[in-house]
Amino acid sequence: KGAARGILSFRDRYREFERNDDIYAVYSIDSALANQIRPFLNIKMKDIIKSSLDTNNWPINVNVADTNQLKQVKGIGSYLAKSIVDYSESLGGFYSLNQLLDLYSVDSSRLEKFVNHLYCDSLYAKLNINKTIYQELYGHPYVSYKLARNIVEFRERMRLFENAEELMNIELVDGVLFSKLVPYLEVR
């Protein structure tokens, strides 16, 4: 009851909730309760009507931003904005801004210039390695043709995956690839 009043008070006194992490700013909710509540929140920047695209609307969520919003950030032009949007769509959303380094035109010094004006939320698509069809697996930028084929063959010939870590037993998956891919995986 107190948590609900705190949420309403935050919204009425300060501002509308803009992202799931705003739950941590509610004074009457401790971090343990916020951790429990956060997975059930579904606050998406796309659902919030933005009246302007001026530079005071920082930070911008790269998972829902369009090219016009991204171009408002100094250092992001039309080409990079389109690359970011396209890559976000192919990934199913970013889980880390460091993934922008995967783009050809972004190096660490360029990313440093605009990283403070961007963020990514935890709303990105997951691939269920026990159910996702081959074409969808292969359609993910981190999954090669051979890896998609090996995942499907394993679950069809052997058994379903019990956890994502079992992918490490496939010789095509090294530690670097696994660390990039694991946030997108689920096995339920």
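Start with Arg 188, which is exposed at 70% relative accessibility. On that scale, exposed means over 50% relative accessible area, buried means under 20%, and partly exposed is in between, with a 1.4 Å probe and protein chains only.

A word on the source. This is a predicted model, where local features need pLDDT of at least 70, side-chain atom pairs count only at pLDDT 80 or more, and totals for chains, interfaces and linings use all residues. Residues are numbered from 1 along each chain as its sequence is written, and side-chain values use heavy atoms, with hydrogens and water left out.

Back to Arg 188. Its salt-bridge partner is Glu 186, with the closest N and O atoms 3.1 Å apart. A salt bridge here is a side-chain nitrogen of Lys or Arg within 4 Å of a carboxyl oxygen of Asp or Glu. How many salt bridges does the structure hold? Six.

Lys 82 bridges to Asp 86, and the closest N and O atoms are 2.9 Å apart. Both residues sit in helix α4, residues 78–91, four residues apart, or about one turn of the helix. Helices are DSSP runs of H or I, at least four residues, numbered from the N terminus. Lys 82 is partly exposed at 47%. Asp 86 is partly exposed too, at 35%.

Now one that spans the sequence. Lys 180 pairs with Asp 102, closest N and O atoms 3.6 Å apart. Lys 180 is in helix α8 (175–181) and Asp 102 is in the loop between α4 and α5 (108–114), so this bridge ties together parts that are 78 residues apart in sequence. Lys 180 is partly exposed at 27%. Asp 102 is partly exposed at 33%.

There is also a network. Salt bridges link Arg 159, Glu 162 and Glu 166. Is Glu 166 buried or exposed? Buried, at 12% relative accessibility. Glu 166 lies in the loop between α7 (145–157) and α8. Leaving out residues up to four places away in sequence, Glu 166 touches Arg 159, Leu 160 and Phe 161. Contact means heavy atoms within 4.5 Å.

On to the rings. The whole-structure search finds nine aromatic pairs. One of them is Tyr 138 with Tyr 145: edge-to-face, 5.9 Å centre to centre, 80 degrees between the planes. The criteria: rings of Phe, Tyr and Trp (its six-membered ring) pair if their centres lie within 6.5 Å; planes under 30 degrees apart are stacked, over 60 edge-to-face, the rest tilted. Tyr 138 is partly exposed at 44%, and Tyr 145 is partly exposed at 43%. Separately, Tyr 95, Tyr 124, Tyr 142 and Tyr 184 form one aromatic cluster.

Last, the packing. A nonpolar core is a set of buried Ala, Val, Leu, Ile, Met, Phe, Trp, Tyr and Cys residues joined through side-chain atoms within 4.5 Å. The largest one has 41 residues, and those touching the most other members include Leu 70, Ile 84, Leu 100 and Phe 114. Helices α4, α5, α7 and α8 each supply at least two residues of this core. Which helix gives the largest share? That is α4, with six residues. Leu 100 touches Ile 84, Phe 94, Val 106, Leu 111, Phe 114 and Leu 118, not counting residues up to four places away in sequence. A second, separate core has six residues, among them Phe 17 and Ile 23.
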